[in-house]
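Q: Could you take a close look at a single part of this structure with me? I'd like to know how that part sits in its chain.

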Amino acid sequence: MSMEEQIPVSLSYWQDVRKRFFGNKISIVGLVILVALILAGIIGPFISGWKYDELGSDILVSPGVNGHWFGTDDLGRDVFTRVTFGIRLSLTVAIVVTTISVLVGVTLGGIAGYFGGWVDTLISRFIDTWQVIPFVLIGFAIITVFGSSFWVIVAALVFTGWYSTTRLFRASVMQVKSLEYIEAARATGATTKRIILRHIGPNAIPPIIVVLAFSVAGAILSESVYAFLGVGFREPTPSLGVMISSSRNYLTDKPFVFFIPGSVLVLLTLSIVLIGDGLRDALDPKLRGTK
Amino acid sequence: MFTYTIKRLLQSLLVVWAAVTLMFALFFIIPGDPISLKSGEKSLPPEILDNIERKYGLDKPTYVQYFRFWGNLFRGDLGYSYKNDKSVNTILQDGLSTSARLLFWGALFQLIIALAVGLTSAIKRGSLGDRLGTVFSVGIQGIPVFVSGLLAQYLFGVLPFQLGWDWLNFFKPWPQSWTLGVIPTDSWKGMILPALVVAVVDAAFIARMLRSSLLEVLRADYIRTAFAKGLSARRVWLHHALRNALIPVVTVYGTSLIAIFGVAVQTEKVFSLPGMGSTIADSALSQDAPVVLGLAIVVIAFGAFVNLIVDLSYALIDPRIKIDAKAVH
């Protein structure tokens, strides 16, 4: 960085973050796509004129025929209604799962990172164990035993996602803990509670925001994988994974029944990943003042 | 180094034991009912039910089943499927050969793509290739494996078929004349597409990791010193920069090898390959507990082994970690 590009003194950290995030073209593209998909998810099912599980006599008609904007699937159901409903479902599941995973991660990771010692060893070894079990198997076990209702699927996804947030938050706390200003705070006689809430907490927040974005994208992907493999939501629930799974038989003749839910799923996760990428750069204090 | 290796080895064994026990708890204590699998809707006389229970040792308390399970495991006996009484060892062998081929080529393609894309985009930073690489690696993160698998099938199967382009069709053997008859094309061609699908997922992520890690290393003083000494760019890149940039990359590569099972399940399902992934998925769905557990042990042991290798390779790449390990333990 040259001398001319010095940080303007008037900008606070968060003002600078906002400026850099909105100055990044790629994250704006992500934001626009995500907002459009959310709007489609909210109003789509109301304006299409069909219900998501309404069977019709128009079977596998192409997009645009008989007022079916995105065509119909093999049971004559309106693909537009089902896809917009799928966006709603994916996002709801992902947000609930991420909230719970982050709460678990912050609590366990915070405890392990701050206290260290045997508590840390216990939690870390537990994470090691959990990590070598493939996530699909944990999901399979939970869903085959408890069925595939909304909350069971949420629980299965939390069980597969909690350890990565815990590990990241633990590392983040450990890193912040060893910095000089924490030592200084302790030397001046600050209590443990005060150090955690006032000194470590705020400095550990930026990584959490980034993790939030990526774990929402991860939860959407995992949910669709479960649905595709037959252990997540099931017919007639319009999960994007379910739609893609049942489109496999029509890949040759009616590829649109695959391409429409497929591209919506990709756009949904991709837009969130792009926003996460932009946030990571914007929140990095080392890049302050740069473009 | 020796004590460190032994310590990590024992830790890995502990992790495998804990993970297998957890899987046992998940699949054996709660459901795992061979009776309903065999009888279906029919109601069987109680003597037959008792017989079936005795045959699988389910009449014994859970802890006895648990110790028996470990005893059999040490003798190399994984038990029998609830569904068709096939030995789990046989099922495992069948699935393993397909999966091993898929994952070997997948992991190899992954490493090649990641190194090539990562190195090029770091060396030619800001070039068209770098920007394309970034777009590719961000884009691929949003695409689930089963979607990219189906897309690959469409692009290299359905579309060439409809257009009559046999040379692009990955589901038909290429003419023998292409390889002058030396290599039979039909035996490996069917594996290229699935292996590429497996490879591409994390290759993009590893490439990005390598790029940013290289760019950070390049800012270090010793790189400037190396250039100042008059070393060739090639030597600085490969000997000074790459080695130091590899540490975070090795971690990511390890995690991606562990996660590759989830990728394999989806790929095998999409391409209808009879590997371990699709076998576990089908058995889990029909609650065939012995098959799930028997195959899961292999997957778990593989994961723990990769973790161990990753940890030990840190010490090889970065001698400082070895010294730390000595000081701590």
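A: Let's start with helix α1 of chain A, residues 13-22, where A:Asp16, A:Val17 and A:Arg20 are buried. Buried means that 20 or more other C-beta atoms lie within 10 Å of a residue's own, exposed means 12 or fewer, and partly exposed is in between, with C-beta atoms placed from the backbone. These residues sit on the same side of α1(A), because they cover an arc of only 105° around the axis (the arc is that of the directions from the helix axis to the C-beta atoms).

What lies over the buried residues? The cover includes α10 of chain A, residues 256-283; contact here means that the C-beta atoms of two residues, placed from the backbone, lie within 7 Å.

A quick word on the source: this is a predicted model, where local features need pLDDT of at least 70, side-chain atom pairs count only at pLDDT 80 or more, and totals for chains, interfaces and linings use all residues. Residues are numbered from 1 along each chain as its sequence is written, while chains are lettered from A and ligands numbered from 1 in the order in which they are written.

Now zoom out: chain A has 10 helices and 0 strands, helices being DSSP runs of H or I with at least four residues and strands runs of E with at least two, numbered from the N terminus. Of its 291 residues, 45% count as buried. Among chain A contacts between residues at least 6 apart in sequence, 67% join residues at least 24 apart.
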